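I opened the model to look up a few packing details. My notes follow, in the order I checked things.

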Amino acid sequence: MAKNTLEIRDKTIFDGVFVKYLLKFFFRIWFKLTGWKAMNSVSPGAGVTIAAPHTSNWDFFYALGAAILLDIKIYFSIKDSWCRPPVIGSFIMWLGAIPINRTAGSKGQVEQIKAFVDKHKDSHIFFLFTPEGTRGKTQSWKTGFYHVAEDTGLPIFLAKVDYQLKESGVFHSYQLTGNKEEDIHAIQESYTTIYGKFPNDQFPAYVGPLPEISAEEAAIMRALYSLKGKATQVDLAAKTKLGELSSTMLEFLLQKNIVQRSDKHGEPTYMLTFVGKGYLLHLFPTLAQ
């Protein structure tokens, strides 16, 4: 006999008044006592959310705390076999599980999310993925989240649990460019400056905190991003409205490998490196393409 298809629950832990506000009180006290901060840099609405680095079970605790404090609903994918046992299955579904049955003919993950989003278009909902796929050491990301975002038309919310800054939440809403390889590379670079619970286990590898960037230097980076290619110093001065652009600013960004220069064909031109794109995702909550 074929198993009945499990559907995503409309009501979860984030909807119950008693539990929600009891947990909100608990996490407000916990975050205050431990120095943690919940952050959300995106406007209300649904999004495919990636959370990295994922090196500890504590990551879920701090992610849950930030979501409850910010009134955000989280849903996460899990094999439907975990959701079928009478007691534990009901509890997992109540936490916000998306039960996935990958057998032929079953309703797929994207179809479930699409149908759910159609019912809750204006809700503040995050469909959470951990691209590392494991708390242990790995050398790559699983990119299913990208295909879900592509097929549903949802933005990708970049979330973190940073144990050095003690920050948990979303720092950027990423709009896909259509170039999967470059999108993934830029997103991964944004996670190289986030300190996981066990940094030696995270991928991509931790390289250190964000460098100090002035408002003018951030404007240069944003201008290079919007120009989608190489630009001369004159182009950048015009785009950023900084007047005569200081070479010192560009030199700092070159030294930090945030910008690269090409001296071919006469006048030098500049473009963002992937490191620069990764830093830029922390400086602005969204970036226009």
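Helices (H or I, at least four residues) and strands (E, at least two) are DSSP runs, numbered from the N terminus. This is a predicted model, so I noted its limits: local features need pLDDT of at least 70, side-chain atom pairs count only at pLDDT 80 or more, and totals for chains, interfaces and linings use all residues. Residues are numbered from 1 along each chain as its sequence is written, and side-chain values use heavy atoms, with hydrogens and water left out.

**Sheet.** I looked up Ala231 and found Tyr270 of β10 opposite. β8 and β10 (residues 269–272) pair in the antiparallel sense over two bridges. The open sheet has three strands in the order β8-β10-β9, with antiparallel pairing. Its edge strands are β8 (231–232) and β9 (259–262), each pairing on one side only.

**Helices on the sheet.** I then asked what packs there, taking contact as heavy atoms within 4.5 Å. α7 touches β8, β9 and β10, and its direction makes about 90° with that of β10. Helix α9 (residues 247–255) touches β9 and β10, at about 110° to the direction of β9. For these angles, axes are lines fitted to C-alpha atoms, for helices over the stretch in contact, and angles run from 0 to 180 degrees between N-to-C directions.

**α7 itself.** Which residues of α7 are buried? I listed Glu217, Ala218, Ile220, Met221, Ala223, Leu224 and Tyr225. Buried means under 20% relative accessible area, exposed over 50%, partly exposed in between (1.4 Å probe, protein chains only). Those buried residues pack against β8, α8 (233–240), α9, β9, β10 and α10 (274–283). Lys228 follows α7 and has a positive phi, near 55°.

**Core.** A nonpolar core is a set of buried Ala, Val, Leu, Ile, Met, Phe, Trp, Tyr and Cys residues joined through side-chain atoms within 4.5 Å. The largest has 54 residues; Ile50, Phe127 and Leu158 are among those touching the most other members. Helix α7 (residues 215–227) gives the largest share of this core, six residues. A second, separate core of 27 residues includes Tyr62 and Phe157.

**Lys180.** Last, I checked Lys180, which lies in helix α6 (residues 180–190). Lys180 counts as partly exposed because its relative accessibility is 31%. Its side chain makes a polar contact of 3.2 Å with that of Thr143. A polar contact is a pair of N or O atoms within 3.5 Å; within protein, one must be able to donate a hydrogen and the other to accept it, and residues adjacent in sequence count only if both atoms are side-chain atoms.

Technical notes. Two strands pair if DSSP finds at least two bridges between them.
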